[in-house]
Each structure stands twice: as C-alpha cells, then as structure tokens.
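Reader: I'd like to learn how to read a model like this one, feature by feature. Can we start with a single residue and work outwards?

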Amino acid sequence: MKSRKQLAITVGILVMVAIVLGTLLPLLVFAEVPQRINYGWTWAGGSASGVSPSVVMPMGTTVVTLEVSDGALTDTDTVSITVQDTTPPAVTVEFPTANLALQDGVTLTASASDLSGVSALYFYVREPGGAQGNPIGYENLSATLNGDTGKWEYGFDTLKLPDGYYLVLAKAVDTYNNEGWSAAVPFSIRNWAVIQLLPSTPNNKAGRTMPVKFSLRVKASVDPAQPFVYNENLTIKIYATSNPGVILQTSTFGTRARNYRIENNTLYITNFQTSNVPMQYTVEIWRTDENSLVGGFAFQTVK
Ligand SMILES: [Ca+2]
C-alpha cells in the first residue's frame, strides 16, 4: 500500500514538471531568436541606414527610397524631399570706402557670397536719410562680375550728380532669388569749383548795392574744359567776415531782389546792399537740399 501511494505522488510531480516545461519551452525558443529589422535609405548620390538617420541632402528635389527588411520579407516606400536655399547672400560695398570724396568716373565695387551662388548684384546711389537713404533716380544699377577679381563692379559717373553727400548700397540676389543688402556706405562727390568773378574792380564803394557774381564750374582736375554747373537749388549766404554769426543776406533762386539768378549759363548773380562802413564780406555757396557747403570767397568794400 505504502509503495503504491509513493508511486502516485511521483507520477503527479512528473506530470506537473511536464506541464511547466511545455509552457516555458516555446517562450525560451522565441527569446533566443529575436526579430532583426533593417532600414535602408537610398537616393541618387547617397545612402543611409537605421530608423532615423541624420543625413545631408543636396539642394533641389531628391527622391529617397526606404527598404525595410526582417531578413525574410521586405517592403519599400519612397518620399520626395526638396531642399531650398532660404538664406540671403552676404554682400559688402568695397568701393567707395566710408566717407571717401569722389570725383569724375569711379567704379563702384562690392563683394558677395552665397551657398547656392550669387546670380546678380545691384548698386543704389541715394541721398542720406534713414537706414537705407532716399532714392534719387540711381536705383538697380546692374553690376558686372569681374572674372579676375571675383568682385561686382559698376562704372559710375559722379558728374551726373551735384556735389554733396550720398550713400551707396549693394543688393545681391542668389539663385533662389533671396536678396541680401549691404550696409549703407556714406561718401561725398566733389567735382565743383566756385570761381569768383568779383571784384571786377578792386574798389567797391561802401554803401552801394552791388552785384555779387561768381561762377560754378567743374573742377579743372576733373575736366580741363571746366563746363558750367547749372543749379537752382543753392543758398548763397553773405556775412561780414569778422562776424560770421550774423548772416546779412540769404539768397535762393528766383526773380526777387535778394534772390540769385543764372545768366547765359555762365554766371550766378545776386544783388547785395553793402554797409556804409567799409569791410570785408564772405560769400558762401551751399547746396540747399542737403545743407552742404560747395565753396566760398571774400570781397572788400572801400570808402
Ligand atoms: Ca542663399
């Protein structure tokens, strides 16, 4: 009896072990064979692997094919990726340098660079005002790329503009039409010479109204022929040389007594009532628009 009971217990244990093994074995088998999935990315000129690889794509549109494989089965998909340049070119005006005084013909020069290439560059000559100046009709001056220097150039005749203060800016455009602006570079134009026509006689009688005459011509260093400069936007200031703080007469273009007029494209003339006391006077010629001094001269009255 005793041995039969022991046998029954032994059989029971064996059955339980078999049940446990039957449950666990399949799990152990699966654990020893993990599912390995490969991700392969390919495109014209490149490839990568992994679930989310970091890559550098070329400019423009590229079709990328993804192939996913677990070793037995594969599947593919494609995606179209477009890379655009949204960064404007870097551009710098190299000539003129800041605050340079220019004469005659000059070559405006700028350098520009861009990842996708600079396709065009334009210069802008403006009068001062604000961060980018005020247009005066010299916009979008299309520059040419100098193959030797790699710089962009534009031939500019400063005689087209009156003497005074200006700004030049450059705008570069890349092949994706992004526009980059240079800083504004201030410069001046100095082509004019004031030529004193008085005194026609050395002795101007004090106390009389006398015509103050002068001419404005292109500097001989710029053009030896010294052509006449016609300008209706001048302000002529006359004061006693000993007392520059008190302006005795201010003349602008017009027909009234204290205005100035331009005769025969050869001279400027304004009438000035001199003091009874003999003294020396200074005449200053200014550009009204921008309050810049063109030049001046002095004359004297006698008893
Ligand atoms: Ca760019």
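Reader: Let's take threonine 61. Is it buried or exposed, and why?

Author: First, keep in mind that this is a predicted model. For burial, you count C-beta atoms around the residue: 20 or more others within 10 Å makes it buried, 12 or fewer makes it exposed. Threonine 61 has 11 C-beta neighbours inside 10 Å, so it counts as exposed.

Reader: Which strand is threonine 61 found in, and what does it touch?

Author: Threonine 61 sits in strand β3, residues 60-69. Leaving out residues up to four places away in sequence, it touches Ser80 and Thr82. Look at isoleucine 81 as well: it is 20 residues from threonine 61 along the chain, yet their C-alpha atoms are separated by 5.5 Å.

Reader: How do I read the sheet around β3? In what order do its strands come?

Author: The general idea is that strands of a sheet pair through backbone hydrogen bonds, either parallel or antiparallel. Here, four strands make an open sheet, ordered β2-β1-β3-β4, with antiparallel pairing. The edges are β2 (46-49) and β4 (74-83), each of which pairs on one side only. Direction ignored, neighbouring strands in this sheet are turned by 20 degrees against each other on average.

Reader: How many bridges hold β1 and β2 together?

Author: Four bridges, in the antiparallel sense, between β1 (residues 38-43) and β2.

Reader: Now the inside. Which residues of the largest nonpolar core touch the most other members?

Author: Think of a core as buried nonpolar residues joined through their C-beta atoms. The largest one has 23 residues, and Ala110, Leu121, Phe123, Val168 and Ala170 touch the most other members. At least two residues each come from β5 (90-95), β7 (105-113), β8 (118-127), β11 (152-157), β12 (164-174) and β14 (185-189). β12 gives the most, with six residues. Apart from this core lies another, of 18 residues, including Met210, Leu216, Tyr260 and Phe299.

Reader: If I click on phenylalanine 123, what is it in contact with?

Author: Skipping its neighbours within four places in sequence, phenylalanine 123 is in contact with Leu108, Leu141, Ala143, Tyr154, Val168 and Ala170.

Reader: And how do β8 and β9 pair?

Author: β8 and β9 (residues 134-142) pair in the antiparallel sense, over five bridges. Glutamate 127 has asparagine 134 in β9 as its bridge partner. The two strands form a hairpin with six residues between them, and glycine 129 in the turn has a positive phi of about 150 degrees.

Reader: Stepping back, how many helices and strands does the protein have, and how much of it counts as buried?

Author: One helix and 23 strands. Of its 303 residues, 19% count as buried. Among contacts with a separation of 6 or more, 59% are between residues 24 or more positions apart.

Technical notes:
Residues are numbered from 1 along each chain as its sequence is written. This is a predicted model: local features need pLDDT of at least 70, side-chain atom pairs count only at pLDDT 80 or more; totals for chains, interfaces and linings use all residues. Two residues are in contact if their C-beta atoms, placed from the backbone, lie within 7 Å. Two strands pair if DSSP finds at least two bridges between them. Axes are lines fitted to C-alpha atoms, for helices over the stretch in contact, and angles run from 0 to 180 degrees between N-to-C directions. A nonpolar core is a set of buried Ala, Val, Leu, Ile, Met, Phe, Trp, Tyr and Cys residues joined through C-beta atoms within 7 Å.
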